[in-house]
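Colleague: I would like to learn how to read a ligand site and the strands of a model. Could we take them in turn?

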Amino acid sequence: MKRGFLNTPRAKKQIEKSNGLETNLPKKADSIHESSPAIKVDFSYKYSYGELSETGVPKGYKNSKLENTNFPDEKKAYDPKIYIHTRLPPRQASQGLSNSGGCQTECLVSGFVKRTIHETPGFPSDPLPCPGGICYRIGDAGEKGLGVFSTRLIGAGELIIDERPLIILPSSSIFAYIDDPNFPSYTHEQQKQIQLHEQNRAMQVVYDRMLPENQKAFMELYNCHKSDGSGEFMGRVRTNGLMVDPEQFRDADTTGDFGIYSAIYKVLSRINHSCCPNTIRKWHTDTFTHRLYAARDIPPNTEITLQYCNLLDSSAERAQALAPYGISACTCSPACNGDPAQIKLSSERRARTKRALSSILFPPKHFTPGVSRDRWLLPAIERLRDLEEEQLEGLRHYKGVLFTLTEAYIHLCDVEKALMYGRKLKKVYKAWMGEELDPMYWTEKGIRASPMYRTGMLIAAGEGYMRIT
Ligand SMILES: C[S@@+](CC[C@H](N)C(=O)[O-])C[C@H]1O[C@@H](n2cnc3c(N)ncnc32)[C@H](O)[C@@H]1O
């Protein structure tokens, strides 16, 4: 299927909106829809969910044209502004299998993204093996349907799975195309239904190209959008898609929610939501996998959980974000189903953490005699306490606060406290950064030999650049 997705009026409008600038849009020849009339499409809506009384396209609606062209997986040079079908990593490369992660992914990506992927250093490397072997199982999670559970103690910072997706496709609805000139005359809800219908048709092309075992795994996934017109394919995409880190790849000239990608997995898509998730997940383009790490110790037979919404939002905002997943009353954690006083306390802690995201701590220029030299760190210590009491070790912000505290205590030459925070930092650092934390942050020898500690010693002796009064 070769389609000028980014050449649609809607895509143009969206690209311009996201940039605030005129962009270098594709030449007409890039599109097989050259003769299509310009159709005004409202792009700002969110799809409906739940039990809709009327679903499907309105009577008389004419399907858009779909064409399927074969794109060689090995070819890298495509028009950056056209979406192409490709299976990645290419077949001959990287066939290594980890616990479940070695499959090829059926991708619908722009030529720009395909090139970005191929130019990523290390691509395609094998998925990482889990050092302690498989540590999870898929099982019954009661009202939540299936879920993923630990089969043994998984230590904080341990790799749980490094999984390649079954499918990668654009998150936004621009991968569907509307030809019908009557489109603007349909009601808002009808327009949404048409969009879903066209996306479902486009997804059929993706599905038809998938390996049979991946087709089976995809169709076995849960679908919570059975009654809103999403269709068999889009229902599963909407239920199970996890965002691919847009910092690693996204369509050219895009910002915000536009131009980003979603991925669907055999195992990761079975993981249920918690407002206190016990994991950290991060996309890695070199292995073409999502890596899932334990954010804290996970005892045996414990449900492994992810976040589906912004965890620092209020419980009402979280409930709103979870509703499209069919999660009506979130009972995932004490932050949601404790007694009212506990929920209030939880909301206050999360709101404080959210406010603190934009604040930066600066050390004092001079230390005042009689005043504890770490007093300026109190806000960071309080933030860390809030995050730990809320069991939010899986947030990136937790790593940030630990970094601040570890470095500050190394500077202050307080080895005991530096070690305390540095050892916590080590457990979450690798999940976020992809590499082990330098021992200068978490071993006594490393701390004492570090330039930060030595500078701190000079300052304490009154010989450094920052004199203590
Ligand atoms: C990505 S799937 C997760 C796996 C799914 N439970 C299954 O059976 O395959 C998302 C769906 O799981 C269910 N779910 C996930 N987290 C939940 C939670 N905290 N409470 C209730 N249901 C949840 C919802 O039905 C949601 O639409």
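Modeller: Start with a polar contact, a pair of N or O atoms within 3.5 Å. Here an oxygen atom of the ligand lies 2.6 Å from an N or O atom in the side chain of R270. This is a predicted model, in which local features need pLDDT of at least 70 and side-chain atom pairs pLDDT 80 or more, while totals for chains, interfaces and linings use all residues. Residues are numbered from 1 along each chain as its sequence is written, and side-chain values use heavy atoms, without hydrogens and water.

Colleague: Which polar backbone atom is 2.6 Å from a nitrogen atom of the ligand?

Modeller: One of K144. For N272, a side-chain N or O atom is 2.8 Å from a ligand nitrogen. The protein buries 91% of the 560 Å² that the ligand exposes when taken alone (Shrake-Rupley method, 1.4 Å probe).

Colleague: Why is strand 4 largely enclosed by the rest of the structure?

Modeller: Buried means under 20% relative accessible area, with a 1.4 Å probe and protein chains only. Strand 4 (residues 146-150) is largely enclosed because four of its five residues are buried. Strands are DSSP runs of E, at least two residues, numbered from the N terminus.

Colleague: How many bridges join strand 3 to strand 4?

Modeller: Two strands pair if DSSP finds at least two bridges between them. Strand 3 (residues 136-140) runs antiparallel to strand 4, with five bridges; R137 has F149 as its bridge partner. The two strands form a hairpin with five residues between them, and G142 in the turn has a positive phi of about 65°. Strand 4 also pairs with strand 12 (residues 303-306), antiparallel over two bridges, where F149 stands opposite E303.

How values were computed
A polar contact is a pair of N or O atoms within 3.5 Å; within protein, one must be able to donate a hydrogen and the other to accept it, and residues adjacent in sequence count only if both atoms are side-chain atoms. Buried means under 20% relative accessible area, exposed over 50%, partly exposed in between (1.4 Å probe, protein chains only).
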